[in-house]
Amino acid sequence: MKNKKRNGNPRSLRQSTSGLIPRNHTLSFIDVPTPIVFKLQYEHCEEVISYINKIKGIGRSGRHMNIIMDDIIDIGEGAISMLLSVMEELVREGIIFTGTKPKQPIPRGILEKSGFFKFVKGKIDESNSTTKNTILNTGDNQTPQSELAEEIIKSMETVWGQKGRSPSIYSCVFEMMRNACDHAFKNENQIRWHFALSHSEIDNLVKFSFVDNGKGIIRTFTEGILKNFLNLFNDNLDIVETAFTNGIASRTGLSWRGKGLPTIYENYDDGHLNNLVVISNNVYIDFDRKIRHKLKNSFSGTYYYWKVDQSCTKECFEIKN
C-alpha cells in the first residue's frame with residue numbers, strides 16, 4: 001500500500017468501479033487507522049470488528065478512505081481477509097481506497113505474504129514475493145473446485161512433507177463455500193467469499209480462514225427453517241453452537257441436514273483440524289478454548305478460522321495419476 005495522499009491525485013488500491021481516476025481530478029479521502037493489534041483472536045476481535053463496521057459505514061456514506069496501518073504491531077491473516085472482503089464489497093459500489101503498510105517489519109511481512117496484494121495495488125519486498133500463502137476469491141458460485149483442491153494439496157505438503165488429498169479439509173471448505181453461495185446472499189451477483197491459507201514450513205503448520213459478507217448464520221436460520229422454533233433456543237449462541245453440533249434436528253424434530261455446519265464440526269471433533277473459531281452476526285465461538293461470547297459489535301457475515309499441523313489426525317492420501 002502506498003503512502004497516503006489526502007488530496008491531489010491519490011493512487012487507488014484498486015480501480016474504482018466507475019473507471020480510472022482522471023489525472024486532474026481531486027478526491028477527498030478520510031483516514032481510517034487500524035487497531036494496533038489487527039487480529040481476530042477473542043482478546044482483540046471486538047475492536048477489529050468495530051473497525052470493519054466503521055469502514056462499511058464510511059463507505060456506504062459514499063466517502064473514499066485511506067486505510068492507515070502504520071502503527072500495527074501484530075496482524076493476523078484472518079483479519080486481513082475480512083478487511084479485504086469488505087474493501088472489495090465497497091469497491092463494487094465505487095469507493096476508492098488508498099493506504100499505508102505497517103512500519104514494523106514483522107506485521108508488514110505477514111501482510112505482504114498474505115496474498116492481499118493480489119487484489120490491491122502496492123509494492124512487495126522481494127523477500128516476501130515468493131510464498132505459498134494465498135487468498136482465493138470469487139465473484140459467483142462458479143469457482144472451480146480444482147482451485148480449492150490444489151491449495152489444500154499444497155497445505156498437506158507443508159504439514160506432512162508430501163502432497164496429498166485431505167477429504168476432511170476439502171469437505172469443510174466446500175461446505176463453507178456452498179453456504180456462502182446458496183444461503184448468505186440475496187442475489188447471485190452479490191456473492192463474494194475469501195479463502196486464505198498461511199503456511200509455516202518450519203512449524204509444519206497451515207492456518208486457514210474463510211470469510212463472506214453475507215447474512216450470517218443467525219439471520220440465515222432465523223429467517224428460514226428456524227423461524228417458528230426460536231422459542232426452543234436460549235439465544236443466538238445456543239443456535240450457532242447447536243447448529244454445529246448437529247442438535248437442531250433433535251431439538252426441533254425437523255429433518256435437517258444442517259447446511260454443512262455439522263460436517264465442519266465433525267472434522268474438528270475427529271481431530272483433522274484444530275483451533276476452530278467461528279464469528280457470525282453477534283456470536284464468537286472458539287471451540288478449542290471453550291469461549292462462547294456475544295459480541296457487542298455484530299459482524300454481518302461469517303468467518304471461520306482453523307489450523308492444521310502435526311498434532312492433527314493425519315489425513316494425506318497419495319495423488320495417483
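Two strands count as paired if DSSP finds at least two bridges between them. Keep that in mind for the views below, which all show a predicted model.

**View 1. Strand β8 pairs with β10 and with β7.**
β8 and β10 pair in the antiparallel sense, and 7 bridges link them. One place to look is Phe208, whose bridge partner in β10 is Trp306. Now turn to β7: this strand and β8 pair too, again in the antiparallel sense, over 8 bridges. Here you can pick out His199, standing opposite Val206 in β8. How much of β8 is covered? Strand β8 spans residues 205-212 and is mostly covered, with 7 of its 8 residues buried. In the hairpin of β7 and β8, 4 residues sit between the strands, and Asn204 takes a positive phi near 50 degrees.

**View 2. Six aromatic residues form one cluster.**
Trp193, Phe195, Phe208, Phe210, Tyr304 and Trp306 make up one aromatic cluster. Zoom in on Phe195 and Trp306, an aromatic pair with 6.5 Å from centre to centre and 15 degrees between the planes, which is a stacked arrangement. Phe195 belongs to strand β7 (residues 193-200) and Trp306 to strand β10 (residues 291-308), so this pair ties together parts that lie 111 residues apart in sequence. Are these two residues buried or exposed? Phe195 is buried, at a relative accessible area of 0%. Trp306 counts as buried as well, with 0% relative accessibility.

The structure holds 14 aromatic pairs, and here is another one to look at. The ring centres of Tyr170 and Phe174 are 6.2 Å apart and the planes meet at 15 degrees; planes under 30 degrees apart count as stacked, so this pair is stacked. Tyr170 is partly exposed, with a relative accessible area of 22%. Phe174 is partly exposed too, at 24%.

**View 3. Lys101 lies over the face of Phe117.**
Take a quick look at a charged side chain and a ring. Lys101 lies over the face of Phe117, and its distance from the ring centre is 4.9 Å.

**View 4. Helix α4 has a span close to the expected one.**
Helix α4 (residues 145-160) has 16 residues. From its first C-alpha to its last it reaches 22 Å, close to the 22 Å expected at 1.5 Å a residue. Its buried residues include Leu148, Ile152, Met156 and Trp160.

**View 5. Helix α7 is mostly covered.**
Of the 9 residues in α7 (residues 236-244), 7 are buried. Among them are Leu237, Ile239, Val240 and Phe244. What do the buried residues of α7 pack against? Their neighbours here are α6, α8 (248-252), α9 (261-269), β9 (274-286) and β10.

Arg219 lies in helix α6 (residues 217-222). Arg219 counts as partly exposed, at 34% relative accessibility. Follow the chain and you will find Gly301, 82 residues apart from Arg219 in sequence. In space, the two are 9.4 Å apart, C-alpha to C-alpha.

Key: Residues numbered from 1 in each chain as written. Predicted model: local features only at pLDDT ≥ 70, side-chain atom pairs only at ≥ 80, totals over all residues. Heavy atoms only, no water. Phe/Tyr/Trp six-rings, centres within 6.5 Å; stacked < 30°, edge-to-face > 60°. Buried < 20%, exposed > 50% of the residue type's maximum accessible area, 1.4 Å probe, protein only. Helix = DSSP H or I, 4+ residues; strand = E, 2+ residues; numbered from the N terminus. Lys NZ or Arg CZ within 6 Å of the ring centre and 35° of its normal. Expected span 1.5 Å × (residues − 1). Contact = heavy atoms within 4.5 Å.
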